[in-house]
Each structure stands twice: as C-alpha cells, then as structure tokens.
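Hi,

Here is the structure I said I would pass on. Have a look at it first, and my notes follow below.

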Amino acid sequence: MPPQTDLLPSSPSAPPPVTYDDSAVPRIVPVRRTGRWTAAVAVLVLLGLALNSVVRNEAFQWDVVGSYFATASVLRGLWLTLWLTAVVMVLGFVLGALLAVLRLSGNPVLQAVSWGYVWLFRSTPILVQLLFWFNIGALYPQIFGVSTVTLLGPVTIAVIGLTLHEAAYAAEVVRGGILSVERGQVEAAQSLGLGPWRRFRRIVLPQAMRSIVPPAGNMLIGTLKGTSIVSIIAVQDLLYSVQLVYHRTYQVIPLLLVATLWYAAVTSLLSVGQRYVERYYARGTAGSR
C-alpha cells in the first residue's frame with residue numbers, strides 16, 4: 001500500500017518583496033529663473049547707487065533740511081495744509097453727494113443742472129478757477145453791501161475754489177458708488193416696507209461705500225498735494241512757508257526737500273488709514289483681506 005500523502009494543497013509561498021528603483025522615478029527640477037534674479041540684482045544695485053548719490057551729495061544740504069524741518073513757520077504751514085485738506089474734503093463730498101442725488105433723480109431739470117456743474121468744473125483747470133475767484137472783485141465789487149476784498153480773503157477764496165472743484169469729482173464718485181448697488185437690494189428693502197431714508201442709510205450706503213472709499217481715498221491724497229497750488233494766491237500753506245524761507249536764504253533745494261518729506265509722511269499715514277477703512281467696508285467679500 002503506497003504511503004499516504006497530504007491531500008491538502010500546499011500553501012503558496014510568500015511573494016518576493018517589491019523593490020523600487022529610485023533612479024526610474026522622474027525628479028521634479030525647479031525652473032531656474034536666471035533672468036528674474038538678474039533683473040532683481042540689477043534693480044537693487046541701481047537703487048543703492050541712487051540712494052548713495054542722494055545721501056552723499058552735498059548739494060542736498062541735509063543739515064539744512066534737519067534744521068528747518070520742524071521750525072515754527074513750517075509747522076504752521078503744515079497745519080494750514082492739513083486744515084484746508086480736511087475742510088475741502090468734507091464740504092466737497094457734502095456738495096458732491098447732493099449733486100449725485102440730483103443727477104440720479106427723475107427730474108430732468110435737476111439732472112441737467114448737476115451734469116452742467118460737473119462738466120464745467122471738470123473742464124477748467126483748478127489754477128484758472130482759483131485765479132478767477134481771486135479776481136472776483138472785478139465782477140462784483142460788493143456782495144450784500146460788503147466789499148469783496150474784505151469778505152473774501154485768500155484763505156476763504158482757497159476754500160471756495162478747492163471745494164467747488166472737489167465737489168465735481170466727488171459727485172461722480174458718489175454716483176458711481178450708488179449705481180454699484182444691485183437694484184434687487186433696493187427692491188427687497190421696498191418689499192419690507194422700509195422708507196426711502198432707511199433704505200439709503202441701511203441698504204444702499206453700506207454697500208456703496210465699498211466702491212466709494214478707494215477713489216475717495218485717492219481724492220484725499222490728491223487734495224492734500226493739490227492744496228500746494230494755493231500758494232499762487234499767497235495762502236501760507238506748507239509750500240508757501242518754505243518758499244518764504246528760501247526766498248530769504250536762497251537755499252532752494254533743502255527747503256523743497258523739507259516740504260517733500262512732510263508731504264510724503266502725511267500721504268503715507270493717509271494711505272495706511274485708507275487701507276483700514278477699505279478693509280472695514282469690504283468685510284464679507286472676497287477682497288476683504
């Protein structure tokens with residue numbers, strides 16, 4: 001009798017371990033951006049040379065800049081510049097908002113008046129407008145029985161001229177912001193029974209500010225720098241203050257640098273403030289960060 005054998009199938013042997021050849025896997029090689037780094041180095045070298053030239057050039061007279069930077073006359077001119085900027089922006093946007101409402105009204109006469117105002121003041125240079133107001137006495141020697149020379153001093157003329165000019169641009173900024181609000185938002189507010197003022201204050205204005213703030217911030221910075229033009233009518237702003245000094249000392253370059261540094265410092269602060277205001281009104285949107 002043949003010997004008995006195991007009838008169960010033998011267990012299969014374990015498969016050999018799989019090995020991977022690292023040399024067969026393609027490697028990711030980063031792109032060498034030689035041109036980009038070369039351009040960056042070249043720009044940095046040029047900036048370094050320019051900065052070195054400005055710092056070491058004795059013609060800039062940085063010691064004179066430091067001695068006049070915080071003098072009383074310069075600070076008084078700076079204060080008048082800041083005050084004039086604030087007043088013109090507030091009054092300009094108040095008048096501009098009124099013009100925007102007139103332009104969006106259903107009254108064709110009011111629309112024509114608003115359009116005509118914006119067209120007139122955007123079509124003429126601000127310098128021409130200021131000189132016109134400065135010589136208004138040639139047309140109207142008296143207003144309400146008061147001499148225009150007494151009633152309209154240089155600062156008053158500067159406020160009037162800049163405000164009327166600013167209002168024309170503010171009107172378009174406000175109108176564009178209002179038109180950016182979807183019509184469905186207003187209709188939904190109407191269906192809830194909200195009155196016109198509440199619709200504007202609670203629905204239209206918060207959404208319109210997202211479109212109004214960026215150009216309004218640019219207008220604020222432009223107005224700050226644009227106030228320097230009032231020096232032509234002897235308003236003692238920042239630029240006129242340094243002009244009075246260098247007309248006496250003949251140190252033109254360092255005194256102009258004093259004004260430049262102050263304008264740059266204030267503009268930088270306003271830019272930072274604009275960024276925070278934009279982020280506040282852009283909450284909940286994709287560009288809020």
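Predicted model: local features only at pLDDT ≥ 70, side-chain atom pairs only at ≥ 80, totals over all residues.

Some overall numbers. Of the 289 residues in the chain, 31% are buried. If you take contacts between residues at least 6 apart in sequence, 76% of them join residues at least 24 apart.

Now the aromatics: there are five aromatic pairs in the structure. One of them is F69 with W262, whose ring centres sit 4.5 Å apart with the planes at 5 degrees, so this pair is stacked. F69 is in the loop between α2 (62–68) and α3 (72–104), while W262 belongs to helix α11 (residues 252–281), so the pair ties together parts 193 residues apart in sequence. W262 counts as buried because its relative accessibility of 17% falls under the 20% cut-off. F69, at 27%, is partly exposed.

Another pair is F132 with W133, and this one is edge-to-face: the centres are 6.1 Å apart and the planes make an angle of 85 degrees. Both residues are partly exposed, F132 with a relative accessibility of 44% and W133 with 23%.

Cheers

Notes. Residues numbered from 1 in each chain as written. Heavy atoms only, no water. Phe/Tyr/Trp six-rings, centres within 6.5 Å; stacked < 30°, edge-to-face > 60°. Helix = DSSP H or I, 4+ residues; strand = E, 2+ residues; numbered from the N terminus. Buried < 20%, exposed > 50% of the residue type's maximum accessible area, 1.4 Å probe, protein only. Contact = heavy atoms within 4.5 Å.
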